[in-house]
Amino acid sequence: MTSYNAEQIKDIILSCLTCITFTYRGKDCNIDPFPPDHFHIYCDGDEWDVSSIDEVMQGQFFDEMCLRDIAQEIQDFSW
């Protein structure tokens with residue numbers, strides 16, 4: 001299993017124009033980037049739209065945790 005830190009995940013999100021998928025605590029999640037100002041986040045049936053990469057990284061979308069804090073726990077990360 002390959003692990004990514006928060007800055008690597010942020011860079012991947014900003015460089016991709018395709019859906020990024022991952023598993024967090026058994027929940028299927030994804031981030032669909034439309035940079036520079038629209039990002040769609042999905043996790044286990046809940047969905048959010050945010051307008052900046054900072055909101056993606058710091059919003060508490062994942063069991064009231066932010067992507068920056070859960071980066072090391074993410075599994076099956078792909079794009």
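Residues are numbered from 1 along each chain as its sequence is written, and side-chain values use heavy atoms, with hydrogens and water left out. Because the model is predicted, local features need pLDDT of at least 70 and side-chain atom pairs count only at pLDDT 80 or more, whereas totals for chains, interfaces and linings use all residues.

A search of the whole structure for disulfides (pairs of cysteine sulfur atoms within 2.5 Å) finds one. Its partners are Cys 29 and Cys 43, whose sulfur atoms lie 2.3 Å apart. Cys 29 belongs to strand S2 (residues 27-34) and Cys 43 to strand S3 (residues 38-43), so the pair ties together parts that are 14 residues apart in sequence. Strands are DSSP runs of E with at least two residues, and helices are runs of H or I with at least four, numbered from the N terminus. Both Cys 29 and Cys 43 are buried, that is, under 20% relative accessible area, where exposed means over 50% and partly exposed in between (1.4 Å probe, protein chains only).

Two further cysteines call for comment. The sulfur of Cys 16 has its closest cysteine sulfur in Cys 19, at 9.8 Å, which is too far for a bond. Cys 16 counts as buried, at 6% relative accessibility, while Cys 19 counts as partly exposed, at 28%.

Gln 60 is exposed, with a relative accessible area of 58%. Leaving aside residues up to four places away in sequence, Gln 60 touches Met 65 and Cys 66, contact meaning heavy atoms within 4.5 Å.
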